[in-house]
Amino acid sequence: MNFITKKVLEFQYKKLEDSKKRLNQHVEKRDCLINSNSDSKQEIEKLEKYIGIWTKNIQKIEKEIKKIEDKES
C-alpha cells in the first residue's frame, strides 16, 4: 500500500469514527426527548432526519473504505 493510499484510508477511518460519534449524539438526544415526554415533536422529527442523513453518510464511508481496501489487496 503506497503512502497516499494509506493516508486516504486513515482519513476515511477518521471520518467514519467522527460520523458514528455524531450519529450517536443525535440518537441520544432523540431518546432523551422521547423519554422526557415533552411536546417537541418537531425537534424529534428533525433529529430523525439527521439520524437518516448520518446513517447514509456512514454507509457511504464504509463502502469507500471497502473499495480502497479491496483495490489494494
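This is a predicted model: local features need pLDDT of at least 70, side-chain atom pairs count only at pLDDT 80 or more; totals for chains, interfaces and linings use all residues.
This is a quick look at a nonpolar core, a surface patch and a few residues around them.

Numbering runs from 1 along each chain as its sequence is written, and side-chain values use heavy atoms, with hydrogens and water left out.

Start inside. The largest nonpolar core has eight residues: Leu9, Leu16, Leu23, Ile51, Ile58, Ile61, Ile65 and Ile68. (A nonpolar core is a set of buried Ala, Val, Leu, Ile, Met, Phe, Trp, Tyr and Cys residues joined through side-chain atoms within 4.5 Å.) H1 and helix H2 (41-72) are the elements giving it two or more residues, and H2 brings the largest share, five residues. Helices here are DSSP runs of H or I, at least four residues, numbered from the N terminus.

| Residue | Relative accessible area | Class |
|---|---|---|
| Val8 | 36% | partly exposed |
| Gln12 | 9% | buried |

Now the contacts (heavy atoms within 4.5 Å), leaving aside neighbours within four places in sequence. Gln12 touches Ile61, Glu64, Ile65 and Ile68. Ile68, in turn, is in contact with Thr5, Val8, Leu9 and Gln12.

Val8 also turns up on the surface: together with Phe3 and Ile4 it forms a nonpolar patch with about 330 Å² of accessible area. Patch residues have over 30% relative accessible area and no salt bridge, with like charges joined within 9 Å and nonpolar side chains (Val, Leu, Ile, Met, Phe, Trp, Tyr) within 5 Å. A salt bridge is a side-chain nitrogen of Lys or Arg within 4 Å of a carboxyl oxygen of Asp or Glu. Accessible areas come from the Shrake-Rupley method with a 1.4 Å probe, and for residues only the protein chains shown count as cover.

Technical notes. Buried means under 20% relative accessible area, exposed over 50%, partly exposed in between (1.4 Å probe, protein chains only).
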